[in-house]
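Here are a few notes to read with the structure open beside you. Take them in order and find each residue as you go.

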Amino acid sequence: MASATDSRYGQKESSDQNFDYMFKILIIGNSSVGKTSFLFRYADDSFTPAFVSTVGIDFKVKTIYRNDKRIKLQIWDTAGQERYRTITTAYYRGAMGFILMYDITNEESFNAVQDWSTQIKTYSWDNAQVLLVGNKCDMEDERVVSSERGRQLADHLGFEFFEASAKDNINVKQTFERLVDVICEKMSESLDTADPAVTGAKHLPTPRA
């Protein structure tokens with residue numbers, strides 16, 4: 001049972017079902033880039049080298065604390081195969097954030113990032129935040145996509161960029177922390193400065209009583 005304390009936010013795992021906000025987050029990208037392993041490492045602090053393709057879509061829930069607010073993360077792990085695309089894109093609506101993932105040892109998965117980005121723009125709402133993640137950075141000897149190429153693509157698409165390893169637990173928690181940060185920042189901007197009917201802030205989570 002995971003009960004790690006978050007050193008950055010002072011966050012901790014909680015089974016309490018009461019929360020102030022709920023953020024829906026999707027992990028997307030080609031099949032076999034490590035989406036499921038990435039989710040399990042973050043939610044359960046576990047890793048298994050056995051690879052089994054996700055069928056359709058699955059999710060885990062993790063509750064964290066930030067600025068005295070309890071935030072429930074509903075994290076969806078999507079199938080990368082084309083035959084499941086119609087199913088998975090149906091879940092894009094209402095997602096507050098996306099982790100768009102490729103495998104640094106797989107050129108094809110990197111080349112597909114642009115198409116995945118287009119899917120986000122097509123099926124999600126305008127204020128959805130996206131982080132680009134190059135996974136499997138522990139496999140340096142098999143690297144085919146340089147860090148610089150990943151960073152350049154992220155800059156081109158307007159996304160923040162991380163390289164990570166679910167296996168070695170590198171930048172997994174940091175990726176989710178940053179995505180929560182960006183979502184909170186955007187939420188605050190939308191609520192403070194604009195007409196919700198125009199900005200889409202009406203889609204933002206509201207505090208629970």
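**Notes on burial, pairing and salt bridges**

1. Start with R66: its relative accessibility is 16%, so R66 counts as buried. Keep in mind that this is a predicted model.

2. R66 has a charged partner, with its side chain meeting that of D181 in a salt bridge (2.8 Å, N to O). R66 sits in strand 4 and D181 in helix 6, so the pair ties together parts that are 115 residues apart in sequence. D181 counts as buried too, at 6% relative accessibility.

3. D181 also meets R178 in a salt bridge, at 3.9 Å from N to O. Both lie in helix 6, three residues apart, which is about one turn of the helix. Salt bridges with shared partners join R66, E160, R178, D181 and E185 into one network.

4. Now look at E107 and R149, whose side chains form a salt bridge at 2.6 Å, N to O. E107 is in helix 3 and R149 in helix 5, 42 residues apart. E107 is partly exposed at 28% relative accessibility, and R149 is partly exposed at 30%.

5. Strand 6 (residues 97–103) is worth a look: seven of its seven residues are buried. G97, I99, M101 and D103 point one way, and F98, L100 and Y102 the other. Strand 6 runs parallel to strand 3, joined by five bridges, and pairs in the parallel sense with strand 7 over seven bridges.

6. Finally, helix 4 buries V113, W116, S117, Q119 and I120. Seen down the axis, the buried residues of helix 4 fall within an arc of 155°, so they line one face. The face turned away from that buried side carries the exposed D115, K121 and T122.

Definitions and conventions:
Residues are numbered from 1 along each chain as its sequence is written. This is a predicted model: local features need pLDDT of at least 70, side-chain atom pairs count only at pLDDT 80 or more; totals for chains, interfaces and linings use all residues. Side-chain values use heavy atoms; hydrogens and water are left out. Buried means under 20% relative accessible area, exposed over 50%, partly exposed in between (1.4 Å probe, protein chains only). Helices (H or I, at least four residues) and strands (E, at least two) are DSSP runs, numbered from the N terminus. The arc is that of the directions from the helix axis to the C-beta atoms. Two strands pair if DSSP finds at least two bridges between them. A salt bridge is a side-chain nitrogen of Lys or Arg within 4 Å of a carboxyl oxygen of Asp or Glu.
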